[in-house]
Amino acid sequence: MAKAKHTKTNAVRLLEQQKIQFDVMEYETGDGQVDGVSVAEKIGQPVSHVFKTLVAKAGAQKLFVFVIPVAEELDLKAAAKVVGEKKIEMLPVKELLGYTGYVRGGCSPVGMKKLYPTVIDASAQEQGRIIVSAGKIGMQIHVQLDDLIAVTKAQLAPITTIHV
């Protein structure tokens, strides 16, 4: 379980309520380097283990959450197909807090204001445990993929741009 000295974000609270095992990893944010690749370096983890949370929308009100490796890009066409939409677009950053309760750089797939349909990139299966935001810039959680899937009711699918 997480140690009590850590900040209790919505993500941490929800994982504790569900009795899900996880580790909290904190990193320094003073240098402004909070992109995913920098975060992986700061916490001493391979980039392939660290995932970012992206929120996209279809139309005015349908939101979807996508969890992908930090060094990858979301394939909007593939993502739209997986969630059964013709087209999706990224949610404007200014709308993120209102819909999710989280800010850019600190958006966790766990503990959003609502449980939105969530898709985790299929590459996560190669990891077993992955690292995602704990819901606050400067804080990550290391959690079993199966537990993350269970708590977010996520599905796995290939949703990143293929690099050749």
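Isoleucine 120 is a residue of strand 5, which covers residues 118-121 (helices, H or I with at least four residues, and strands, E with at least two, are DSSP runs numbered from the N terminus). The model is a predicted one, in which local features need pLDDT of at least 70 and side-chain atom pairs count only at pLDDT 80 or more, while totals for chains, interfaces and linings use all residues. Residues are numbered from 1 along each chain as its sequence is written, and side-chain values use heavy atoms, with hydrogens and water left out.

Isoleucine 120 counts as buried because its relative accessibility is 0%, where buried means under 20% relative accessible area, exposed over 50% and partly exposed in between, with a 1.4 Å probe and protein chains only. Although valine 67 is 53 residues away along the chain, its C-alpha atom is separated from that of isoleucine 120 by 4.6 Å. Setting aside residues up to four places away in sequence, isoleucine 120 touches, among others, Val67, Leu145, Leu148 and Ile159, contact being heavy atoms within 4.5 Å.

Leucine 145, one of these partners, belongs to helix 5, residues 145-152, and counts as buried because its relative accessibility is 5%. Beyond its neighbours within four places in sequence, the contacts of leucine 145 include Ile120, Ala124, Ile130 and Leu156. Glycine 135, in turn, is 10 residues from leucine 145 in sequence and 17 Å from it in space, C-alpha to C-alpha.

Isoleucine 137 sits in the loop between strand 6 (129-136) and strand 7 (139-144), and it counts as partly exposed because its relative accessibility is 32%.
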